[in-house]
Amino acid sequence: MKAEFARELRCPACHSDHTLALAGPGESDEREVREGTLRCAACAREFALRRGVPELLHEPPAYLLAEAAGLERFAEHMRAGGWDRELVHRLPNLEHGYWYVQARSMHQLLTTVPFVPGESVLDVGSNTCWAANHFAERGLRAIALDIATVELQGLYTADWFIEDGEVFFERVLGSMDAIPLASSSIDYVYCCQVLHHNDRESLRRTFAEIFRVLRPGGRLLMVNETLKTLRDPSGVHVEGVEEFEGYEHAHWAARYRWEATRAGFFTDVVEPHYMGFFGDAPVGRFGVGLRRSGVARRLYLAWLNTVRGTVSMNMIATKPLRYVGRHEGIGAGERLLRLAAAGLRLRGDRKRGLAPQRLPRTPEEITERLSGSASEGAGVAVGSAAE
């Protein structure tokens, strides 16, 4: 942990922002403080810093401790199956159906979302930290958050990337429904197949916490989330969950969207480009006609997310630009009224540059935007040369 990063944290005991600081110099290497203690100036609580990871998982419930222990056992299972540092370094580019989806989804994000080097992104439920590493490689200030530290299933896996000397990102041991980061401090929150590790109550707290830590105009990037559907009302692979004590509760697509809206977000369900119909695979003459229709795409996606399944849910949730903090004293009703008012202003705010622009939905829109960006860059370069 960089010493200055402590000021970006939130005390998990008294919920005060910017009150944590290193109590003494600690033990450092050339990159960061590796061992030490963090003390809160507001409540005087102390928290350990081990292997560069501030341990801010404060008074966790029993189910969270059981899940963290299950991740340690699963890490041993992975080692027995041949997983090692070299294999983790290749993620997500492995010849495996699951990892194909992850790789294609990350590519879709990187070509859709207008990330700017130096912006911050919180990787919630970072696990092997491969996504945090990808963000850091692209110049983003990445932070990995998880409930476990064990290598192969937790935050200590980050050392395998950081020790190469090409990237650095912060790691924080903490819970997604009590994020130990300061309010309005993050540009993006990335959640990949992690939100279903909440029951209904903790899911609501998690969306509220994500809303709190995001800056106005910031975005939640919800990727490949597990769903309940009419075809699969459970949505959870019970056998594996029970073996490793995973705390998994798949939710309906409408539930994810409603809880995000209730927290104060604008929401937009995103098409999965790894599926042929939404991607660039051949679909026949009839399919091409349907693919060109925005209404048909939305109806088909709603049917997949609610009835048939076979896909996970992707959603971009945006915090209104004029909304500062979470205003914790405000109830859900007032937040919804504020969101409705922001929605009425949205089109005008976008024209005036006061709200984030709509993201491209289709591969064709992405290609068009990238081509436009390349043309603008060439124009700037030519203009600079002419000067």
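Which residue in β10 is the bridge partner of C191? In β10 that partner is M222, and the two strands concerned, β9 (residues 186–192) and β10 (residues 214–225), pair in the parallel sense over six bridges. The model is a predicted one, in which local features need pLDDT of at least 70 and side-chain atom pairs count only at pLDDT 80 or more, while totals for chains, interfaces and linings use all residues. Residues are numbered from 1 along each chain as its sequence is written, and side-chain values use heavy atoms, with hydrogens and water left out. Helices (H or I, at least four residues) and strands (E, at least two) are DSSP runs, numbered from the N terminus.

**The sheet**

- Strands of a sheet pair through backbone hydrogen bonds, either parallel or antiparallel.
- Seven strands form an open sheet with mixed pairing, in the order β8-β7-β6-β9-β10-β14-β13, where two strands count as paired if DSSP finds at least two bridges between them.
- The edge strands, each of which pairs on one side only, are β8 (170–173) and β13 (266–270), and the twist from one strand to the next averages 20°.
- Strand β6 (residues 120–124) runs parallel to β7 and is joined to β7 by five bridges, with V124 standing opposite L145 in β7.
- Strand β7 (residues 141–146) is mostly covered, since five of its six residues are buried (buried means under 20% relative accessible area, exposed over 50%, and partly exposed in between, with a 1.4 Å probe and protein chains only).

**Helix pairs**

- Two packed helices are described by the angle between their axes and the distance between the axes.
- The axes of α3 (residues 97–112) and α4 (residues 130–137) come within 12 Å and cross at roughly 30°; axes are lines fitted to C-alpha atoms, for helices over the stretch in contact, and angles run from 0 to 180 degrees between N-to-C directions.
- Helices α3 and α4 are therefore roughly parallel to each other, given that angles under 35 degrees count as roughly parallel, over 145 as roughly antiparallel, 65 to 115 as roughly perpendicular and the rest as oblique.
- On the α3 side W99, Q102, M106 and L110 meet W130, A131 and F135 of α4, where contact means heavy atoms within 4.5 Å.
- By class, this contact of α3 with α4 has six nonpolar, one polar and no charged residues (Ala, Val, Leu, Ile, Met, Phe, Trp, Tyr, Cys and Pro count as nonpolar, Asp, Glu, Lys and Arg as charged, and the others, Gly among them, as polar).
- Helices α6 (residues 200–213) and α8 (residues 253–263) pack at an angle of about 45° with their axes 9 Å apart, and they are therefore oblique to each other.
- The residues of the contact of α6 with α8 divide into eight nonpolar, no polar and five charged.

**Loop residues**

- L359, found in the loop between α11 (332–351) and α12 (363–386), is buried, with a relative accessible area of 11%.
- Leaving aside its neighbours within four places in sequence, L359 is in contact with T112, V113, P114, R219 and I316.
- Most residues other than glycine have a negative phi, and most peptide bonds are trans.
- A44, in the loop between β3 (33–40) and β4 (46–50), has a positive phi near 65° and is exposed, with a relative accessible area of 52%.
- The peptide bond from L91 to P92 is cis, with omega near 0°, and P92 lies in the loop between α2 (85–89) and α3.
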